[in-house]
Amino acid sequence: MNPYFYSIIGWIGMILIILTYFLLSNKRLVPKSINYNLLNAIGGIGVLVSSIYAKLWLAIVFSIFWIVIAVYSIYKIEKNRPGYKELT
């Protein structure tokens, strides 16, 4: 595959992470929301893919932690979301 593909994926991931931070700083996103954490996870995956291709171990480890934290936060949000009762 074209090496530029991995670089573009990394740039998109980085832009998503920065955009997420910008939206959070300007109160367009709430930190305990699915959207905030999903954008962080997707951005982290983009940076991870690019970092794996370039063998940047520091960025790989950082991205893995970034993704795990975002996915865990999504899990906690979903777990604490009130469910619907079945009609009987």
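Me: Where is S63 found?

Reply: Helices are DSSP runs (H or I, at least four residues; strands are E, at least two), numbered from the N terminus. S63 is found in helix α3, residues 57–80. Keep in mind that this is a predicted model, where local features need pLDDT of at least 70, side-chain atom pairs count only at pLDDT 80 or more, and totals for chains, interfaces and linings use all residues. Residues are numbered from 1 along each chain as its sequence is written, and side-chain values use heavy atoms, with hydrogens and water left out.

Me: What does the side chain of S63 reach, and which residues is S63 in contact with?

Reply: For a polar contact, look for N or O atoms within 3.5 Å; within protein, one must be able to donate a hydrogen and the other to accept it, and residues adjacent in sequence count only if both atoms are side-chain atoms. The side chain of S63 reaches the backbone oxygen of A59 at 2.8 Å. Plain contact means heavy atoms within 4.5 Å. Skip the neighbours within four places in sequence, and S63 is in contact with G44, V47 and L48.

Me: Which residues of α2 are buried, and what do they pack against?

Reply: The buried set in α2 is Y36, N37, N40, A41, G43, G44, G46, L48, S50 and S51. These buried residues pack against α1 and α3. I45 also lies in α2, which covers residues 34–54, but I45 is partly exposed because its relative accessible area is 43%.

Me: What caps α1, and what follows it?

Reply: N2 caps the N-terminal end, with a side-chain oxygen 3.0 Å from the backbone nitrogen of Y4. After α1 comes K27, with a positive phi near 60 degrees. Likewise, α2 is followed by K55, whose phi is positive, near 60 degrees. As for the inside of α1, Y6, G10, G13, L16, I17 and T20 are buried, and their cover includes α2 and α3.

Me: Which residues form a nonpolar patch on the surface?

Reply: Patch members have over 30% relative accessible area and no salt bridge; nonpolar side chains (Val, Leu, Ile, Met, Phe, Trp, Tyr) are joined within 5 Å, like charges within 9 Å. Areas come from the Shrake-Rupley method, 1.4 Å probe, with only the protein chains shown counting as cover for residues. Here W11, M14, I15 and I18 make up the patch, with about 410 Å² of accessible area together. M14 belongs to α1 (residues 3–25) and is partly exposed at 31%.

Me: How many salt bridges are there?

Reply: You need a side-chain nitrogen of Lys or Arg within 4 Å of a carboxyl oxygen of Asp or Glu. That gives one: R81 with E78, closest N and O atoms 3.3 Å apart. R81 is partly exposed at 46%, and E78 is partly exposed at 39%.

Note on methods:
Buried means under 20% relative accessible area, exposed over 50%, partly exposed in between (1.4 Å probe, protein chains only).
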